[in-house]
Amino acid sequence: MEIILRNIHKQGYSPDISSYITEGGYKALEQSLEVKPGHLLSEIKLSKLVGRGGAAFPTGLKWELAHNAEEYPKYVVCNADEGEPGTFKDRIIMERDPHLLLEAMAICGRIIGSTQGIIYIRGEYFDAYEILKKAILDAEKRKFLGRNILGSDFSFNIRLYRGAGAYVCGEETALLDSLEGKKGQSRVKPPFPTFTGYEDKPTALNNVETLSNIPEIVLKGGEWFSKIGSPLSPGTKLYCLSGNIHKPGVYELPTGTPLSELLGKYGGGVEGKLKAVLPGGVSSSFLTDRELSVNMDYPSVAKAGSALGSGAVIVINDTHCMVDIAKRCTEFFAHESCGMCTPCREGTKRAKEMLTGITQGSGELSSLELLRDMRKVMYDTSRCGLGQSALNAVVSAIEKFRDEFEEHIAAKKCNLGICSG
Ligand SMILES: Cc1cc2nc3c(=O)[nH]c(=O)nc-3n(C[C@H](O)[C@H](O)[C@H](O)COP(=O)(O)O)c2cc1C
Ligand code: SF4
């Protein structure tokens with residue numbers, strides 16, 4: 001069952017507008033112009049679609065808040081920053097089916113009452129940027145974008161903005177500051193972007209994958225979508241499989257597909273013996289072979305003690321040392337912390353120092369408890385999700401592989417002979 005990759009997987013399909021139109025593309029936009037925005041909004045709410053960028057916020061509710069806001073202009077912002085390590089699904093959509101995203105953004109504009117869309121795209125996505133640039137021009141030529149779309153009174157433009165490579169700029173409020181030309185640092189919430197977004201105006205900000213569901217929901221109805229996959233977070237999900245897996249790649253499956261099925265049936269099985277899996281990138285907590293039956297939807301993964309996030313499923317086999325993996329996670333966060341709040345700025349650095357110490361033979365057992373306490377403090381006091389989740393992977397590694405950490409500290413070296421130090 002594919003909603004988002006349905007075109008991409010057809011033989012001979014290209015990112016050109018003609019391919020998209022042949023497959024029924026822009027029909028949903030055409031249909032949207034014939035009905036009231038309120039009707040479209042009801043369908044999105046009925047679909048129970050939740051955001052695919054990580055926070056799983058209900059899209060219909062977000063758009064209702066932006067729709068009801070009385071200030072103008074309003075904006076549709078697409079989060080195409082895709083900075084979470086192990087995530088590469090949005091790139092596939094933008095490179096292979098760019099009009100799907102453009103059509104979805106125009107429909108969102110119609111629903112919330114916006115005439116301006118902006119795609120904030122990861123700076124390193126050179127091909128996707130060029131493909132989207134051409135797609136926007138082609139859509140304008142065919143009157144799917146621009147003034148008076150398809151002869152209607154609805155106008156909608158889309159422009160592209162390239163990020164400069166900071167992970168934190170994927171956080172929605174840091175993204176908005178970056179878009180406004182400021183240093184990319186998160187804002188205090190509330191107020192939320194639906195009221196005070198880009199240039200302090202009402203803004204619907206969504207992930208590429210979230211938006212890409214919209215044309216099919218408009219054509220087939222919210223109820224149709226709500227019956228796919230898990231009832232609590234229905235639809236499909238793009239899972240990015242990477243690491244020690246035979247067939248890495250992007251797989252679109254109904255939400256709630258068991259992790260074991262994703263790894264075995266679709267990923268072709270683990271290379272070697274499974275040690276751990278991060279189901280939602282480095283911001284999530286490790287699962288082990290005891291949790292392989294978990295259904296891959298937002299509530300179920302949360303219940304299993306981790307997070308689905310953007311769907312970056314990173315597989316780790318027993319040739320890896322968990323102390324080394326934990327250390328690498330802290331290196332990433334220490335590098336990417338924007339430095340604005342003390343718990344995150346200092347916490348990520350201290351965690352990196354402690355884990356580097358353990359890998360180099362100078363670590364202390366007390367660090368393991370200290371890291372657990374630091375995670376709580378950082379979760380409670382950091383301003384944005386980066387600091388709040390920076391030690392999830394580390395602390396879950398300590399909890400589930402404590403022997404490995406203790407042996408490492410006692411022997412003052414890596415028993416597996418892996419740690420780089
Ligand atoms: C540090 C950090 C990085 C994030 N990076 C991304 C990203 O690259 N892409 C994305 O869509 N959401 C990212 N998010 C989540 C966004 O803040 C926001 O929840 C999302 O874009 C909203 O869209 P959605 O409701 O469609 O998921 C990130 C959040 C945090 C805390
Ligand atoms: S939590 Fe970290 S990344 Fe987020 S605002 Fe604070 S210092 Fe910056």
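How do the residues of the shell around ligand 1 divide into nonpolar, polar and charged? Four are nonpolar, nine polar and six charged. Here Ala, Val, Leu, Ile, Met, Phe, Trp, Tyr, Cys and Pro count as nonpolar, Asp, Glu, Lys and Arg as charged, and the others, Gly among them, as polar.

This is a predicted model, where local features need pLDDT of at least 70, side-chain atom pairs count only at pLDDT 80 or more, and totals for chains, interfaces and linings use all residues. Residues are numbered from 1 along each chain as its sequence is written, chains are lettered from A and ligands numbered from 1 in the order in which they are written, and side-chain values use heavy atoms, with hydrogens and water left out.

**Stop 1: ligand 1**

Select ligand 1 and its surroundings. The shell holds 19 residues, each with a heavy atom within 4 Å of the ligand. Gly53, Lys62, Asn79, Asn207 and Thr210 are the closest. Now show polar contacts (pairs of N or O atoms within 3.5 Å). A side-chain N or O atom of Thr210 is 2.7 Å from a ligand 1 oxygen. For a polar side-chain atom of Asn79, the distance to an oxygen of ligand 1 is 2.9 Å. Gly83 uses a polar backbone atom, 3.3 Å from a ligand 1 oxygen. On its own, ligand 1 has 610 Å² of accessible area, and the protein covers 90% of that (Shrake-Rupley method, 1.4 Å probe).

Next, colour β4 (203-207) and α17 (385-389). Each supplies at least two residues of this shell. The largest share, three residues, comes from β4. Helices (H or I, at least four residues) and strands (E, at least two) are DSSP runs, numbered from the N terminus.

**Stop 2: ligand 2**

Move to ligand 2. Of the 13 residues around it, Ser186, Cys338, Cys341, Cys344 and Cys384 come nearest. This shell has seven nonpolar residues, five polar and one charged.

**Stop 3**

Most peptide bonds are trans.

**Stop 4: positive phi**

Lys48 has phi near 65°. Find Lys48 between α3 (37-47) and α4 (59-68). Asn148 has a phi of about 45°, in the loop between α7 (126-141) and β3 (157-162). Lys48 is partly exposed at 46% relative accessible area, and Asn148 is partly exposed at 35% (buried is under 20%, exposed over 50%, partly exposed in between; 1.4 Å probe, protein chains only).

Conventions:
A polar contact is a pair of N or O atoms within 3.5 Å; within protein, one must be able to donate a hydrogen and the other to accept it, and residues adjacent in sequence count only if both atoms are side-chain atoms.
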